[in-house]
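Subject: Structure for you to look at

Hello,

Here is the structure we talked about, with the sequence alongside.

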Amino acid sequence: MSQPKSVWGWALYDWGNSAYSTAVMAGFFPIFFKQYWSDGADVNESTFYLGVANFTASLVIVLLAPLLGAMADRCGHRKRYLLRFALLGIITTALLPLVGQGQWQWAALFYVLATVGFSGSISFYDSLLIFVAPRKEYDHISALGYAIGYLGGGLLFAVTVGMTLKPELFGLADSAAAVKMAFYLVAIWWAIFTLPLLMWVVEGDGHEDHPSTLRLFIDAFAELRHTFAEIRQHRVIWLFLIAYWCYIDGVDTVIRMAVDYGLALGFESDSLIVALLITQFIGFPAALVFGK
């Protein structure tokens, strides 16, 4: 049986980092990037710049993930790696409000780094599930993480949406100031809800050695070669990996680019944000039911 404390510690990380995927990645960043950081640029150019930023972040993760996963398996320090990536995402998210109007290059750079931090931490977060739940409960606990991720990200997003629609009620000068404050709140939210995982989830894989970084890289590459040699013998695994890569890249593209495309097509930003907010609160019960 799983331990409730470790389960909630694990799931609360999704509650925390989903604020980034919802409020920043899918919500405010595309709008602010087009209307503020790309001020004066053609709408098609700003869409292209955002697409390049998303592609760059995805490419970095594709190149790093297998190696980092092998390194984590080698030394067993999944929480340590998760924390490092989470800090990268948290810090660079907090730097976004410091980027001035028209400085889309700096905004894109911080966004790429934050997205790499977010995606990298998720890789290690997922791998910790085996220490949180027995095999027969993987589906249920995983669905719980998804569900409260929708809820946690949605709750903070709702607050920040209210700030942008009525900034004067929060003592803010205008909507631009509200969006900048939203980025700070996401960073704080993400940081706070990383703590339960660090305190309550225990890795139990028995790795006690502390090899050097060079040794880790060498062993990780050796493990990768062994893994690829193994899966090359199983055609169905290759097909699954290729299919999943195409599928999840499509999902990520929709999440990251939908609001930007909506703006380019002439939809009002408020309508797009409200639609995204509704999605979060539909996703919460749907994920729980899907887990059942």
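Helix α1 and helix α11 (residues 269-291) pack at an angle of about 170°, and their axes are 10 Å apart. The two helices are therefore roughly antiparallel (angles under 35 degrees count as roughly parallel, over 145 as roughly antiparallel, 65 to 115 as roughly perpendicular and the rest as oblique). Axes here are lines fitted to C-alpha atoms, for helices over the stretch in contact, and angles run from 0 to 180 degrees between N-to-C directions. Helices are DSSP runs (H or I, at least four residues), numbered from the N terminus.

This is a predicted model, in which local features need pLDDT of at least 70 and side-chain atom pairs count only at pLDDT 80 or more, while totals for chains, interfaces and linings use all residues. Residues are numbered from 1 along each chain as its sequence is written, and side-chain values use heavy atoms, with hydrogens and water left out.

On the α1 side, Thr22, Ala26, Gly27, Phe28, Ile31 and Gln35 meet Ser269, Ile273, Leu276 and Gln280 of α11 (contact means heavy atoms within 4.5 Å). By class, the residues of this contact are five nonpolar, five polar and no charged. Ala, Val, Leu, Ile, Met, Phe, Trp, Tyr, Cys and Pro count as nonpolar, Asp, Glu, Lys and Arg as charged, and the others, Gly among them, as polar.

Phe28, which lies in α1, counts as buried because its relative accessibility is 4% (buried means under 20% relative accessible area, exposed over 50%, partly exposed in between, with a 1.4 Å probe and protein chains only). Leaving out residues up to four places away in sequence, Phe28 touches Ala23, Phe157, Thr160, Val161, Thr164, Val179, Ala182, Phe183 and Ile273. Its C-alpha atom is 15 Å from that of Leu95, 67 residues apart along the chain.

Helix α1 (residues 4-37) also packs on α10, at an angle of about 35° and with the axes 8 Å apart. Ser21, Met25, Ala26, Gly27, Pro30, Ile31, Lys34 and Gln35 of α1 make this contact with Ile255, Arg256, Val259, Asp260, Leu263 and Ala264 of α10. These residues divide into eight nonpolar, three polar and three charged.

Asp260 belongs to helix α10 (residues 235-264) and, because its relative accessibility is 0%, counts as buried. Which residue's side chain makes a polar contact with the side chain of Asp260? The partner is Lys34, at 3.4 Å. A polar contact is a pair of N or O atoms within 3.5 Å; within protein, one must be able to donate a hydrogen and the other to accept it, and residues adjacent in sequence count only if both atoms are side-chain atoms. Apart from residues up to four places away in sequence, Asp260 touches Pro30, Lys34, Thr47 and Leu50.

Another helix pair is α3 (residues 78-95) and α7 (residues 175-192), whose axes come within 8 Å and cross at roughly 160°. That angle makes α3 roughly antiparallel to α7. The contact of α3 with α7 has nine nonpolar, two polar and no charged residues. Ala86, Gly89, Ile90, Thr93 and Ala94 of α3 meet Phe183, Tyr184, Val186, Ala187, Trp190 and Ala191 of α7.

Finally, Tyr150 is part of helix α6 (residues 138-165). Tyr150 counts as partly exposed because its relative accessibility is 31%. Its contacts, leaving aside neighbours within four places in sequence, are with Gln280, Gly283, Phe284 and Ala287.

Regards
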